[in-house]
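Dear colleague,

Please find below the structure that I am handing over to you. I would be grateful if you read the notes that follow with the structure open beside them.

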Amino acid sequence: MMAPLLTRRSILTGLGFSTIIGTTGGLVLSPSFRDLVLASGEKLAYQTHRLIGRNALAPEFTEADLSPDFRTNGNTMPASAEYQRHMETSFANWRLQVDGLVAAPQAFSLAALKAMPARAQITRHDCVEGWSAIGKWTGVPLAALLTQVKLLPTARYLVLHCADDFSGNAYYESIDLVDAFHPQTMLAHTMNDQPLSVGHGAPLRLRVERQLGYKQAKYIMRIEATATLANIGLGKGGYWEDQIGYDWYAGI
Amino acid sequence: MHSPEPMAIQAPKGGDLVDRHRLSTRLWHWTNVITIVIMLMSGLMIFNAHPRLYWGKYGANPDYAWLQIGATQGETGFLRVGSVTVDTTGVLGRWTESSGQVRNRAFPSWATLPGSYNLALARRWHLTFAWVFALGITAYLIRSLINRHLQRDLLPTAEQARPAHIWADIKHHAKLQFPKGEAARHYNILQKFAYLSVLLVLIPGIILTGFTMSPSLNATFPWLLDVFGGRQSARSLHFIFMLGIVAFVIVHLLMVVLAGPINEIRSMITGRYRLPKEDK
């Protein structure tokens, strides 16, 4: 009996090894193939995390777990004249503008936000660089605000426009509606039982607890509901996403 | 594989060509060669973004780091572990690029992916190939349970687990005496121990500590934080598991060279292995 030339085993072997060699060759030789492959990790993570833990709550800690010294990061003093004026007047004339794809656009004063039902949580802040700090955040659940302004069904993202900038490029960030309506997602005005300091984002910063630090936008001036991220900034959904290629989904 | 092994009829002897590695083992092995190099080098670049390690739930610059790689105000690079500081100028902390440029950065460009500082790109390499790595070990472990590779070839036999046998095997390794003939068809006890540590401890450990660093997965699997003692402990353990895998790879390559690299590498490509001849 002659042995067949093509067996299931040899076909599998050939396929397996050519996949390994082909992928490696493509990664080494073709920058566009490389970008395509390397973009898949973020997409897979985003879809998988939404599938397995859409509404899961971030771990909360106790007062005993608080970082003794919660370091600041990114911009710690917005340079704009407008922000400087707000700072000098203790944000009395500052307003949070909420607009875009909403039925009832509204401007909220800091006093109005502080008068709304608040939530407090002790959570861990994780910088993309690797460090973590635990702090206590008090603020308005973002979902409460979105209910007031009546988000339209066409809205898919919330874009947070900030007062700070890097060399003239204003900071901004964006989140999807799963995170926007997540019970722990809040606009924090109080940190460790003190009014939010300028270094940490006064008067208002985002806490989106299941993502990394660069998503926790500070110095928020305006929240815009949009159907797409393509028309904001350079289209990647955030300042660092646009400038240096950090992933928009920062759940890892 | 599913076909019965022909050597069951007559015991093979030194010089015979025998079936050594299954297809699943060979595919996984070469996938890992690529994936582990990518994971290691991109991981070192990610470490460069914050070259300090902590124990516990939190850890940042104001907190005590049990390990740190850095550069002093003067001209030296250093590695600090606990209270011990080692001057690592030229290799870690402060080193010179091939262009002649001196850099104050933890791991040098020849060890990182990409070679120049780019946390965003390193994270993309790392977090994309993490899928290949994690799905690979999962598929391999399931396959090895079903085809009984794990039970038959990797779990030590009762005879091998005896302290006297282990000691004898350590002595054989120390004298660089490798098994010949029929005995070379089976893994020895130190080999089994090394492979099982990688398969069941180091790789699952490095994947699970990776999960534990994800704020999103912390919400989905909060128990992982309890298992590893907090996110910063998980980050430290991730680094330690990495050192374990690197140590395995170094010893593994050394053993391949000592045991006859051509025969060993052929067996990992074609699956066929020539049994070393018995001493006359």
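The paragraphs below set out what was found, from the overall shape to the annotated span.

Please keep in mind that this is a predicted model. Chain A contains eight helices and ten strands. Its radius of gyration is 23 Å, whereas the globule rule gives 18 Å for 252 residues; the chain is therefore more spread out than a compact globule. Along the principal axes, the C-alpha atoms of chain A occupy a box of roughly 90 × 45 × 35 Å.

The chain is split into two parts: domain 1 covers residues 9-38, and domain 2 covers residues 60-244. Between the C-alpha centres of domain 1 and domain 2 of chain A there is a distance of 42 Å.

An unreviewed UniProt entry annotates residues 90-227 of chain A as "domain: Oxidoreductase molybdopterin-binding". Within this span, 46% is strand and 13% is helix, and its end C-alpha atoms are 34 Å apart.

Of the contacts in chain A with a separation of 6 or more, 68% join residues 24 or more positions apart. The chain exposes about 11,400 Å², and carbon and sulfur atoms supply 60% of that area.

With kind regards

Conventions: Residues are numbered from 1 along each chain as its sequence is written. Chains are lettered from A and ligands numbered from 1 in the order in which they are written. This is a predicted model: local features need pLDDT of at least 70, side-chain atom pairs count only at pLDDT 80 or more; totals for chains, interfaces and linings use all residues. Side-chain values use heavy atoms; hydrogens and water are left out. Domain bounds come from an automatic or database domain assignment. UniProt positions are given in the numbering used here, feature names are shortened, and annotations may be inferred rather than shown by experiment. Helices (H or I, at least four residues) and strands (E, at least two) are DSSP runs, numbered from the N terminus. The radius of gyration is taken over C-alpha atoms; the globule rule is 2.2 Å times the number of residues to the power 0.38. Contact means heavy atoms within 4.5 Å. Accessible areas come from the Shrake-Rupley method with a 1.4 Å probe; for residues, only the protein chains shown count as cover.
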